[in-house]
Amino acid sequence: MLRCSSRKVQSCVVRQIGKRAASSETRAGGGAGIGNVHHQLFPTDDNSFFRHVAQPRTVSVIGAPMTYGQPFVGTDRGPELLRESGLLKDLSSLGWRVEDIPDLDFDAICAEAAKNSNAVPVSPNAKHSLQVGAGCSALADLVESKLRLGRFPLILGGDHSIGIGSLAGILRAKPQTGVIWV
């Protein structure tokens, strides 16, 4: 049985990890980007990963500034901030054509749903359910139409409730799609 202080064990473990890291960096070209470095999951020159997208590859950037699915302010600024940070230019630099679709007007969509809410019974535990449902329905229609045109929809949110509309549109256009929700 090995008996040593926790400080001694800790330094021993750090040295061993350091040796392994150094030897793997040496084998991989020094760990400084030397050699043939490429991402094996997303090859940039292989079109099979985006086989469902028509040529020329076009990404439809859809702003979905939904905020009704949660109580915090600011989630509706997500699409605006992502565009301001250079997202569209970055997508173009990757070789994609970019179609920038104006943000969905959830205030108007949800106001219309609120007017019609008197006829529909709503659970007291579901906050803004009709507004979220109407917004997600509009998003689903737009996502479905872009997929049917052979475009890649990139949805910028908004709160997490837009996942409902995003998936509904994808599954309408591509029912064989598998979903892994993490």
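The legends below accompany close-up views of a predicted model.

In this predicted model, local features need pLDDT of at least 70 and side-chain atom pairs count only at pLDDT 80 or more, while totals for chains, interfaces and linings use all residues. Residues are numbered from 1 along each chain as its sequence is written, and side-chain values use heavy atoms, with hydrogens and water left out.

**View 1. Overall layout of the protein chain.** The secondary structure comes to six helices and three strands, where helices (H or I, at least four residues) and strands (E, at least two) are DSSP runs numbered from the N terminus. Read from the N terminus on, the elements follow the order α-β-α-α-β-α-α-β-α. Of the 182 residues in the protein chain, 25% are buried; buried means under 20% relative accessible area, exposed means over 50%, and partly exposed lies in between (1.4 Å probe, protein chains only). The protein chain exposes about 12,700 Å², of which carbon and sulfur atoms supply 58%, with accessible areas taken from the Shrake-Rupley method with a 1.4 Å probe and, for residues, only the protein chains shown counting as cover. Among contacts (heavy atoms within 4.5 Å) between residues at least 6 apart in sequence, 73% join residues at least 24 apart.

**View 2. The largest nonpolar core and its neighbour.** A nonpolar core is a set of buried Ala, Val, Leu, Ile, Met, Phe, Trp, Tyr and Cys residues joined through side-chain atoms within 4.5 Å. The largest such core has 13 residues, and Ile62, Phe106 and Leu139 are the ones that touch the most other members. Two or more residues come from each of strand S1 (58-64), helix H4 (106-115), helix H5 (129-148) and H6, with H5 giving the most, four residues. Apart from this core lies another, of eight residues, including Val59, Val61, Leu91 and Trp96. In soluble globular proteins, nonpolar side chains tend to be buried together.

**View 3. Helix H5 and the elements it packs against.** H5 has 20 residues and reaches 28 Å from its first C-alpha to its last, close to the 28 Å expected at 1.5 Å a residue, the expected span being 1.5 Å times one less than the number of residues. Among the buried residues of H5 are Gln131, Cys136, Leu139, Val143, Glu144 and Lys146, and its buried residues pack against S1, strand S2 (97-101), H4, strand S3 (152-157) and H6. H5 is followed by Gly150, whose phi is positive, near 85°.

**View 4. Leu139 and Ser166.** Leaving aside its neighbours within four places in sequence, Leu139 is in contact with Ile62, Ala64, Leu104, Ile155, Ile162, Gly165 and Ser166. Ser166 lies in helix H6 and is buried, with a relative accessible area of 11%. With neighbours within four places in sequence again set aside, Ser166 is in contact with Leu139, Val143 and Ile155.

View 5. A salt bridge is a side-chain nitrogen of Lys or Arg within 4 Å of a carboxyl oxygen of Asp or Glu, and a search of the whole structure finds eight of them. In one, the side chains of Arg83 and Asp100 meet at 2.8 Å, N to O; Arg83 lies in helix H2 (residues 78-84) and Asp100 in strand S2, so the pair ties together parts that are 17 residues apart in sequence. Arg83 is buried, with a relative accessible area of 19%, whereas Asp100, at 38%, counts as partly exposed. Glu99 forms a salt bridge with Lys146, the closest N and O atoms being 3.0 Å apart; because Glu99 lies in strand S2 and Lys146 in helix H5, this pair ties together parts that are 47 residues apart in sequence. Glu99 is partly exposed at 22% relative accessibility, and Lys146 is buried at 11%. Glu99 also forms a salt bridge with Arg151, the closest N and O atoms being 3.1 Å apart, and Arg151 counts as partly exposed at 25% relative accessibility.

**View 6. A salt-bridge network and a nonpolar surface patch.** Asp141, Glu144, Arg148 and Arg172 are linked in a network of salt bridges. On the surface, Leu171, Val179 and Trp181 form a nonpolar patch with about 320 Å² of accessible area together; patches are made of residues with over 30% relative accessible area and no salt bridge, like charges being joined within 9 Å and nonpolar side chains (Val, Leu, Ile, Met, Phe, Trp, Tyr) within 5 Å. Trp181 is found in the segment after helix H6 (162-173) and is exposed, with a relative accessible area of 61%.
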